[in-house]
Amino acid sequence: MAAPATRLGALAANPKEQDRARDQLKPWRAWYSLKRWKDLRRKILARDAYTCTQTGVALVGKAPAPNSPVVDHIREHNGDPFLFWDEDNLQAVSKQYHDTEKQRIERARHG
């Protein structure tokens with residue numbers, strides 16, 4: 001019996017191929033490469049004093065360290081430019097929080 005297909009179709013052989021497949025399905029992912037996003041990201045990290053708004057951890061690590069900074073969308077934007085760029089929809093969190101607790105919350109929301 002074959003493994004069920006993922007939302008991205010057949011699993012890519014490596015992470016770069018997976019990223020390319022995601023980018024094709026979700027063209028808004030390119031927004032994360034824009035200067036506008038990078039500037040906004042710095043602004044949010046400064047606003048939140050480089051502290052995880054959910055755990056209080058100092059965001060002083062360099063990715064992929066657990067205490068490295070991630071600017072997270074509080075409400076999923078799903079390509080909605082208003083939600084993507086809305087400063088009130090952004091928060092500074094640690095990579096560990098983002099990759100564990102936040103992902104658990106989002107998976108639960110999607111069933």
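**Aromatic cluster, nonpolar core and backbone geometry**

F84 is buried, at 0% relative accessibility, where buried means under 20% relative accessible area, exposed over 50% and partly exposed in between (1.4 Å probe, protein chains only). The model is predicted, with local features requiring pLDDT of at least 70 and side-chain atom pairs pLDDT 80 or more, while totals for chains, interfaces and linings use all residues. Residues are numbered from 1 along each chain as its sequence is written, and side-chain values use heavy atoms, without hydrogens or water.

The protein chain contains 4 helices and 2 strands, taken as DSSP runs numbered from the N terminus (helices H or I, at least four residues; strands E, at least two). Along the sequence these elements follow the pattern α-α-β-α-β-α. Of the 111 residues in the protein chain, 27% are buried. Among contacts (heavy atoms within 4.5 Å) with a separation of 6 or more, 57% join residues 24 or more positions apart.

The average pLDDT of the protein chain is 88, and 86% of the residues score at least 70; pLDDT is the predictor's confidence in each residue, from 0 to 100. Residues 1-10 have a pLDDT below 50.

The whole structure holds 8 aromatic pairs, counted where ring centres of Phe, Tyr and Trp (its six-membered ring) lie within 6.5 Å; planes under 30 degrees apart are stacked, over 60 edge-to-face and the rest tilted. One of these is the edge-to-face pair of W31 and F84, with 4.9 Å between the centres and 75° between the planes. This pair links distant parts of the chain, its two residues being 53 residues apart. W31 belongs to the loop between α1 (15-25) and α2 (35-47), and F84 to helix α3 (residues 81-85). W31 is partly exposed, with a relative accessible area of 22%. Y32 and W37 also form an edge-to-face pair, at 5.1 Å centre to centre and with 85° between the planes. Here, Y32 is partly exposed at a relative accessible area of 31%, whereas W37 is buried at 4% relative accessibility. Through ring pairs, the residues W28, W31, Y32, W37, F84 and W85 are linked into a cluster.

The largest nonpolar core comprises 14 residues; such a core is a set of buried Ala, Val, Leu, Ile, Met, Phe, Trp, Tyr and Cys residues joined through side-chain atoms within 4.5 Å. W37, L40, V71 and L90 have the most contacts inside this core. At least two core residues come from each of α2, β1 (69-73), α3 and β2 (90-94). The greatest contribution to the core is that of α2, with 4 residues. Leaving aside residues up to four places away in sequence, L90 touches W37, L40, I44, R47, V71, D72, H73, I74 and F84.

N89 is in the loop between α3 and β2. This asparagine is buried, with a relative accessible area of 4%. Not counting residues up to four places away in sequence, N89 touches D72, H73, I74, R75 and L83.

A49 lies in the loop between α2 and β1 and has a positive phi, near 55°, although A49 is a residue other than glycine. A49 is exposed, with a relative accessible area of 52%. Y50, located in the loop between α2 and β1, likewise is not a glycine and has a positive phi of about 45°. Y50 is partly exposed, at a relative accessible area of 37%. Most residues other than glycine have a negative phi, and most peptide bonds are trans.
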